[in-house]
Amino acid sequence: MDNTGLSELIRLFDEEIEIKEGKQFLEISVPASKLHRLANQLKDNENTCFDFLFCLSGVDYGNDLGVVYHIRSTKYNHSVVIKTRTPDRDNPMIDSVTDIWQTAEYHEREVFDLLGIKFKNHPDLRRLFLSRSWGFPLRKDYVDNINIVTKS
Amino acid sequence: MEELAKKTGTGEQEEYTINMGPQHPSTHGVLRLVVSLKGEIVKNVEPHIGYVHRGIEKMCESITYPQIIHLTDRMDYLSAHINNEAVCLNVEKALEIDIPDRVKVIRTIMAELTRIQSHQLYWATFGMDLGGLTCFFYGLRDREKVMDIFEETCGGRMLVSYNCPGGLMYDIHPNFQKRVKEFLKYFRKTLPEYDQLLTGNVIFRERTKGIGRLSLNDAISYGTTGPVGRASGFSCDVRKYEPYSAYDRVNFNEVLFYDGDTFHRYLVRMEEMRESMNIIDQLIDNIPEGEYAVKMKPVIKLPEGEYYQRVETARGELGVYIISDGNKNPYRVKFRSPNFANLSVLNIISKGFKIADLVAIGGSLDLIIPDIDR
């Protein structure tokens, strides 16, 4: 299916979500509260059938923290990108998609470890690479005077 | 035996937890597995990672694009060339540069040589893990020949850093075609020896067949790619469904098996070596004349936006996700590493098997730990 057909189909799930044709993929922006429902629909619907989450990345946008999901359908070979953001930097919460795509379990742990985004209903949310006392290094306001040398 | 176990209070019934690694020889790096056992049976495997976490993604945010290429070598060091290619392709796509045909063909040949040497090392160490020390000598002996080809053309043996945005660092060595052909002729003869030594071996088959079976649904849901996914029937070869470089002009088969056990994960790699040799065969005499690199600006700045590029490394799908804000440094770089996803199936496929099988299963996933930790 081409991107126009796909975006019309996705609009049927929810009329309010924002769909944009990116340079490479179709990009869907959803508020964090609607993420889990949309992800579920994208996977279960017969015509979209997005069963393969191939990349999950956390991003610090400056004011907001966000998560980007790259998903692909192994049946139809089409891909979309879902983006969600949360303005809360102290206690960011986003629904976990581990129950939809199992691979998210490790990817979400990595995002939690490096950006401090918490995932609701995650089965085992612990730090993955770093120790418990460490900060969240991929945040833009992370300061480490000992290990990071900045040249001016 | 059971009576003895009752008397001494050890054996079948007792549950305990052991540490495997981070210095266990069969984990091939610093992977620590906390294994819960009941007797000899594995109940749960919990990987602990992060021993070689260098923060590559964070480092990338403060360096320029040509510099990033040299960091990607250090992730999956056995697919170093393909990792470099992924970043280069992404930068070239963002800048909308047309790459000369010569570069595309040379990159493809190099990538396939990389895949062959990676699978050779896999074969060598997998055999050694299961008790066949001869495999290790055979595998490394043949891998050395690929390394010599790399050394002559790239200067480096393992971490080649041969790609740069816009093409290649330097042209191929005048001997390159001759040596590659010699190697192919030699390896066509020695590859059947591999099969004679290990594939048909009864002990080897007993230890791998039916062990650690991964179903197709799990393979997709857990995001496994590469030989691990393809052994379960998951058609996930990026070279086929999203061809890059010169893969759209060569004929090759995607190796697929449907059993999904340790033995078939091994077979996929054996077949892939043959396919790689076929690909090189088709290209080696047809390297087009021309420039080996496009002239680039001294400072590379990507236009604002997001770019995603995936390539097929020896272990699966590597994705490079770059968010650029228009500066010479990327705003955010994410590497979707194949081993990271492949590691997550280790727990589900080794449940219910013996602790000795865990070595075989772990070996068949062919994990490279620096790629997981990044």
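Which residues in α12(B) meet which residues in α15(B)? Let's start there. One caution: this is a predicted model.

On the α12(B) side, we have Thr262(B), Arg265(B) and Tyr266(B). They meet Ala360(B), Ile361(B) and Ser364(B) in α15(B). By class, that contact holds three nonpolar, two polar and one charged residues.

Now the geometry. Helix α12 of chain B covers residues 262–284. Helix α15 of chain B covers residues 355–365. They pack at an angle of about 30°, and their axes are 9 Å apart. Angles under 35 degrees count as roughly parallel, so α12(B) is roughly parallel to α15(B). The crossing of α12(B) past α15(B) is left-handed.

Next, a single residue. Ser324(B) sits in strand β7 of chain B, residues 316–324. Is Ser324(B) buried or exposed? Ser324(B) is buried, because 21 other C-beta atoms lie within 10 Å, and the cut-off for buried is 20 or more.

Who surrounds it? Set aside neighbours within four places in sequence. Ser324(B) then contacts Ala94(B), Leu302(B), Pro303(B), Glu304(B), Gly305(B), Pro330(B) and Tyr331(B). Take Pro303(B). It is 21 residues from Ser324(B) along the chain, yet their C-alpha atoms are separated by 6.8 Å.

Last stop: the contact between chains. Chain A brings 23 residues, and chain B brings 25 residues. On the side of chain A that touches chain B, β3 (52–60) and α3 (104–115) each supply at least two residues. β3(A) gives the most, with six residues. By class, the residues on that side of chain A are twelve nonpolar, eight polar and three charged.

Notes: Residues numbered from 1 in each chain as written. Chains lettered and ligands numbered in written order. Predicted model: local features only at pLDDT ≥ 70, side-chain atom pairs only at ≥ 80, totals over all residues. Axes fitted to C-alpha atoms, helices over the stretch in contact; angles between N-to-C directions. Helix = DSSP H or I, 4+ residues; strand = E, 2+ residues; numbered from the N terminus. Parallel < 35°, antiparallel > 145°, perpendicular 65-115°, else oblique. Left-handed = near helix turned anticlockwise from the far one by under 90°. Contact = placed C-beta atoms within 7 Å. Nonpolar A, V, L, I, M, F, W, Y, C, P; charged D, E, K, R; others polar. Buried ≥ 20, exposed ≤ 12 C-beta atoms within 10 Å, placed from the backbone.
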